[in-house]
Every structure is written in structure tokens, then in C-alpha cells.
Amino acid sequence: MALVFYFILMYNNVVITGTGSATPQKVVKNIDFKNHVFLNDDGTLFNKENQEIIEKFKAITGIEERRYAEDHLNTSDLAAQASEKAIISSELDRELLDLIIVAHNFGDVKKGSIQGDLLPSLATRVKNKLGIKNPNCVAYDILFGCPGWVQAIIQVNQAIKAGDATKALVIGAETLSRVVDVSDRDSMIFSDGAGATILEIKKEDKKRGVLSSAAQTYALEEAMYLYSGPTFNKGQDQNVNYIKMLGRKIYEFALTNVPKAIKLAMDKGGLDIQDVSKIFLHQANEKMDEAIVKRLYRLYQKPVQKNVMPMSIHKLGNNSVATIPILYDLVLNHQLEGHSISKNDNVIFASVGAGMNINAITYKL
């Protein structure tokens with residue numbers, strides 16, 4: 001009698017098992033900038049009334065208000081708050097974590113300080129705040145501009161696939177409100193917040209989780225599109241640096257390069273645009289994001305799917321590396337009106353920012 005053996009193909013899936021976010025309670029509306037003195041980069045007075053500046057700003061960016069961290073909180077505090085929620089959501093024993101990666105750009109910037117504090121790393125501070133004793137849980141930071149959280153997910157996927165980890169905590173956190181030049185109109189864009197995710201390896205008979213990724217760095221003429229520079233107010237200390245950006249250059253760069261990078265990740269994952277339920281895109285400018293998605297669909301010669309791109313920028317502003325994990329947490333937990341995702345949905349995480357860096361991930365729930 002012949003023996004018949006059945007083999008079930010099993011996949012080592014890297015899956016998000018928990019999410020959490022921390023959005024500060026302090027709300028700053030556009031009207032709160034009505035008495036600001038806005039200057040040009042040469043220090044001269046910007047020749048527009050503030051009401052006109054604010055109205056044009058909202059029309060382009062979509063931002064109505066943003067959140068600033070309370071004075072006693074730092075970036076690592078917000079990161080720890082989001083992490084606690086993610087750990088609870090995942091039901092994971094925190095002592096079993098192999099990795100903690102915190103994506104940020106400026107470290108802990110205390111209210112009123114003129115410098116960021118990066119010693120020890122924010123990941124070490126988060127591990128301390130979470131009370132994790134396990135020395136084999138390795139904690140480190142990643143500086144990759146606004147795409148930092150996405151890049152950290154790519155690193156975790158690689159580490160898990162290589163057998164160097166099984167469980168990881170990835171956080172995107174920032175307090176950009178403390179590194180803005182108040183005389184620069186771009187100060188209205190930035191905000192504070194943190195988002196966290198737990199990733200684990202799951203051996204399953206169907207492929208899901210992180211499917212594919214793509215990452216790029218453009219570092220020739222693009223390298224200084226986002227940079228640290230002095231205040232436009234020439235009467236103040238020119239040795240103190242603030243976040244600065246060349247908005248038009250970034251806009252043109254993103255429209256040209258981000259759709260192609262997303263398609264590269266999708267091609268690696270074998271996905272067509274019609275397979276995608278949601279695109280979680282870093283949000284610095286509503287019009288720019290809408291144009292990026294439109295160009296992405298144009299690469300597939302398809303019309304843009306209705307309601308494909310959730311937006312948090314209107315109420316939360318641009319909180320850099322925190323944007324995508326916060327947005328994902330909100331949608332996953334039905335906290336963003338009109339948007340939801342379900343098991344087996346394919347989604348995209350994509351970002352662009354200082355470097356200039358671009359990255360994208362295809363992910364199946």
C-alpha cells in the first residue's frame with residue numbers, strides 16, 4: 001500500500017500585531033499664528049497680511065490645526081506612551097522583545113532648549129520608561145528623515161528574516177514644534193506626536209504581513225532640500241539652527257520620484273494598483289499627496305480609487321516620522337471617519353523626507 005505524504009507550505013510572515021499612538025492634548029489652530037511676524041530668508045518683512053498667509057497655507061496644505069507637546073513632555077515620553085498602547089494591543093510580554101527602534105530626527109528637545117539631547121539614545125530612554133530588564137533586547141535610534149519609521153520596519157523585516165529577531169517594537173516620534181523658526185511661515189506645518197507598532201514573526205500557511213519594500217536616497221543636489229539653518233530674524237543668534245526646507249524643490253522632487261518608488265515596491269510584491277485598499281502616505285502637504293497618488297495611478301493607467309488615501313494632516317499637521325504609524329493606528333481602530341481596513345487587505349506605507357530619502361512597503365493584513 002502506497003504511502004501519501006502531504007506537505008503544507010508555511011510562510012514566515014512578519015506581521016504587525018499591535019499598534020498605539022500618542023497625540024498631544026495642546027491644540028494650535030491656524031488663527032493662533034495671526035500675530036506672528038513672518039520674514040523672508042533675508043530678514044525682510046514678508047509682504048502679505050497674516051490672514052492672507054493663513055488662508056493660502058490652509059488651501060495648499062490642508063492643515064487646519066496641529067498638536068504640540070505639553071511643556072513637561074519630550075519626544076521619548078510620547079514614544080513611551082505610544083509604545084505602552086502598542087504592547088497592550090499586542091498582548092505581548094515586553095520582556096520578550098528583541099529590538100526597540102525609535103525613528104526621530106532631533107532627539108529630546110526640552111521646552112526652551114536650543115539643542116537636541118541624543119545621549120542616551122531615545123530607544124534606550126523608551127526601554128527604560130517601559131521598565132524592560134532583558135539585556136538582549138537591543139535598543140537603537142534611526143535617523144532617516146520623515147521616512148524613518150518605514151525604514152525601521154524594513155530593517156526589522158530584514159532582521160527577522162535573517163533569524164536575528166522574532167519580536168520588535170518600532171516607534172516614530174517627534175516634537176518638531178521645538179525646532180521651528182517662528183519667523184518662518186513653514187513653522188505652521190510642523191507638529192508633535194508618536195506612533196508605535198509591534199512586529200512579530202508568524203509561521204502561517206498563507207503569505208501576509210510585509211510583502212516587499214523599496215528604499216532610495218538622493219544625495220546630490222537634493223541633499224539640502226531639508227536642512228538645519230539659522231532663524232530668518234537677523235537680530236537673533238545666527239548660530240542656533242532650526243528646521244528649514246525648500247518647499248517647491250521638495251514638492252517637485254516628491255511628485256517625480258515617490259510614485260516610481262512605490263511602484264518599485266509593488267512590482268517586487270507582485271501587486272497591481274487595483275489590489276491596494278489603502279495608501280498610508282507621509283503627510284506634509286495635502287495637495288502634494290493627492291498629486292503623488294494621482295501620478296501613481298497614472299503609472300498603471302487607472303483612475304484614482306475613491307477614498308484610498310486616509311488623511312490626518314488636517315487636524316494633526318506634519319509630525320514627521322510619527323505620521324504613518326499614528327495614521328495606521330487610527331484607521332485600524334476605526335478612529336478616522338470614513339476609513340477602515342480588514343483582514344486580507346493590501347496596504348502601502350510610503351514616505352519622503354530629509355536625505356532626500358524615499359521608501360515604501362507593501363503590507364497584507
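The following dialogue discusses how to read several features of this predicted model.

Me: On what basis are the features of this model reported?

Reply: The model is predicted, so local features need pLDDT of at least 70 and side-chain atom pairs count only at pLDDT 80 or more, while totals for chains, interfaces and linings use all residues. Residues are numbered from 1 along each chain as its sequence is written, and side-chain values use heavy atoms, with hydrogens and water left out.

Me: How many helices and strands does the protein have?

Reply: Helices (H or I, at least four residues) and strands (E, at least two) are DSSP runs, numbered from the N terminus. Here the secondary structure comes to 8 helices and 13 strands. The radius of gyration is taken over C-alpha atoms, and the globule rule is 2.2 Å times the number of residues to the power 0.38. For this protein the radius of gyration is 21 Å, close to the 21 Å that the rule gives for 365 residues, so the protein is as compact as a globular protein of that length.

Me: What percentage of the residues is buried?

Reply: Buried means under 20% relative accessible area, exposed over 50%, and partly exposed in between (1.4 Å probe, protein chains only). Buried residues make up 55% of the 365 residues. In strand β1 (residues 11-22), 9 of the 12 residues are buried, so the strand is largely enclosed by the rest of the structure.

Me: Which strand is joined to β1, and do the two run parallel or antiparallel?

Reply: Two strands pair if DSSP finds at least two bridges between them. In this case 11 bridges join β1 to β7 (residues 192-204), and the two run antiparallel. Asn13, for instance, has Lys202 of β7 as its bridge partner.

Me: How is helix α4 to be read, and what is its span?

Reply: An α-helix has 3.6 residues a turn, so residues three or four places apart point the same way. The expected span of a helix is 1.5 Å times one less than its number of residues. Helix α4 (residues 148-161) has 14 residues and reaches 20 Å from its first C-alpha to its last, close to the 20 Å expected. Of its 14 residues, 11 are buried, so α4 is largely enclosed by the rest of the structure. Among them are Trp149, Gln151 and Asn157. Just after the helix, Gly163 takes a positive phi of about 85°.

Me: What volume does the largest pocket have, and which residues lie nearest its centre?

Reply: On a 1 Å grid over the protein atoms alone, a pocket is an open set of points where a 1.4 Å probe fits, with protein on both sides within 12 Å along at least five of seven lines; lining residues have an atom within 4 Å of a point. Grid points are joined across faces, edges and corners, and a volume is the space filled by probe spheres set on the points. The largest pocket holds about 1200 Å³. Its lining has 44 residues, of which Asp186, Ile189, Met245, Leu246 and Gly247 lie nearest the centre. Helix α1 gives the largest share of that lining, 6 residues.
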